[in-house]
Amino acid sequence: MKLLSTFAAVALYQAVALALPAEPLEKRSTVQGFDISHYQGTVDFKGAYSSGARFVIIKATEGTSYIDSGFTSHYNGATAAGLIRGGYHFAHPDSSSGTTQANYFLAHGGGWSGDGITLPGMLDIEYNPSGATCYGLSKTAMVAWIQDFVNTYHSKTTRYPMIYSTNDWWTTCTGNSAAFHTTCPLVLARYSTAGPGTIPGSWPFQTIWQNKDSYTYGGDSDIFNGALTNLKKLATG
């Protein structure tokens, strides 16, 4: 059963995130999106949709003691505007296990349903905002923590979560682990007009590129690497 699940996940991952074409990034099909948290008190979801955005990723939880105060209103606003939407969890690997944090995320907005408008949840694993860059974990321990989160999320939803990080953090804190490149879609942060840069962890491409730390209608700018039909496949599973 576990082996079959892995094969199915690989097939789905290949279907929803296209292999990198040979032509330059600006000539490929892409879809505009954005990500937000409570820091964006007012978000113009309808304006974003009218401008061409089709998805938004919304902060739901952090660690096991924080629920984003704007999550519900943001989620409802995104839904009303016709956007594909999903939640994200900001990880604190030094405070509790991956399993514990995945369950907390799932209990407070991070779930997935096959309604066609819900993205699989996203694990935001990056620089520690208040301590050691890698949260005091060894590379081996960090990969194990992420694996616990991923496995728990998958067991509860049948979907693998997206993983958000940077090339630098992933290389520094996981040893550039390739453990997730066939299951978890990569959301790569790199603020640049020159493209997403080096893709870590043996991922052949990024599924979403966070290309700017600002977006006209609220939050950060995200670019989906594919056409709208592929974005919808990511949502439907």
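Where pLDDT is low, the predicted coordinates should not be read in detail. The model is predicted, and local features need pLDDT of at least 70, side-chain atom pairs count only at pLDDT 80 or more, and totals for chains, interfaces and linings use all residues. Residues are numbered from 1 along each chain as its sequence is written, and side-chain values use heavy atoms, with hydrogens and water left out.

The chain has a mean pLDDT of 91, with 89% of its residues at 70 or more. Confidence is lowest in helix 1 (residues 2–16), where the mean is 41, and highest in strand 5 (residues 122–124), at 99. Seven helices and nine strands are present in the chain; these are DSSP runs numbered from the N terminus, helices being H or I of at least four residues and strands E of at least two. Of the 237 residues in the chain, 51% are buried. Buried means under 20% relative accessible area, exposed over 50%, and partly exposed in between (1.4 Å probe, protein chains only). Among contacts in the chain with a separation of 6 or more, 66% join residues 24 or more positions apart.

The largest pocket holds about 300 Å³ of space. A pocket is an open set of points on a 1 Å grid over the protein atoms alone, where a 1.4 Å probe fits, with protein on both sides within 12 Å along at least five of seven lines; lining residues have an atom within 4 Å of a point. Asp-35, Tyr-88, Asp-124, Glu-126 and Asp-220 lie nearest the centre of this pocket, out of 20 lining residues. Strand 1 (31–36), strand 2 (55–62), strand 4 (84–90), strand 5 and strand 9 (220–224) each give two or more residues to the lining, and strand 2 supplies the largest share, three residues. Nine of the lining residues are nonpolar, four polar and seven charged. In this division Ala, Val, Leu, Ile, Met, Phe, Trp, Tyr, Cys and Pro count as nonpolar, Asp, Glu, Lys and Arg as charged, and the others, Gly among them, as polar.

Helix 6 (residues 167–174) has Trp-169, Trp-170, Cys-173 and Thr-174 buried. These residues fall within an arc of 95° seen down the helix axis, so they line one face of helix 6; the arc is that of the directions from the helix axis to the C-beta atoms. They pack against helix 5 (139–157) and strand 6 (162–165). Strand 6 contains Met-162, which is buried with a relative accessible area of 0%. Beyond four places in sequence, Met-162 touches residues including Ile-57, Leu-119, Met-122, Val-187 and Leu-234.

Leu-234 is also one of the buried residues of helix 7 (residues 228–236), with Asn-230, Leu-231 and Ala-235. They cover an arc of only 150° around the axis, which puts them on the same side of helix 7.

Positive phi values occur at several positions. Thr-158, a residue other than glycine, has a positive phi near 70°; Thr-158 is located in the loop between helix 5 and strand 6 and is exposed, at 57% relative accessible area.

Conventions. Contact = heavy atoms within 4.5 Å. pLDDT = per-residue confidence, 0-100. Points joined across faces, edges and corners; volume = space filled by probe spheres on them.
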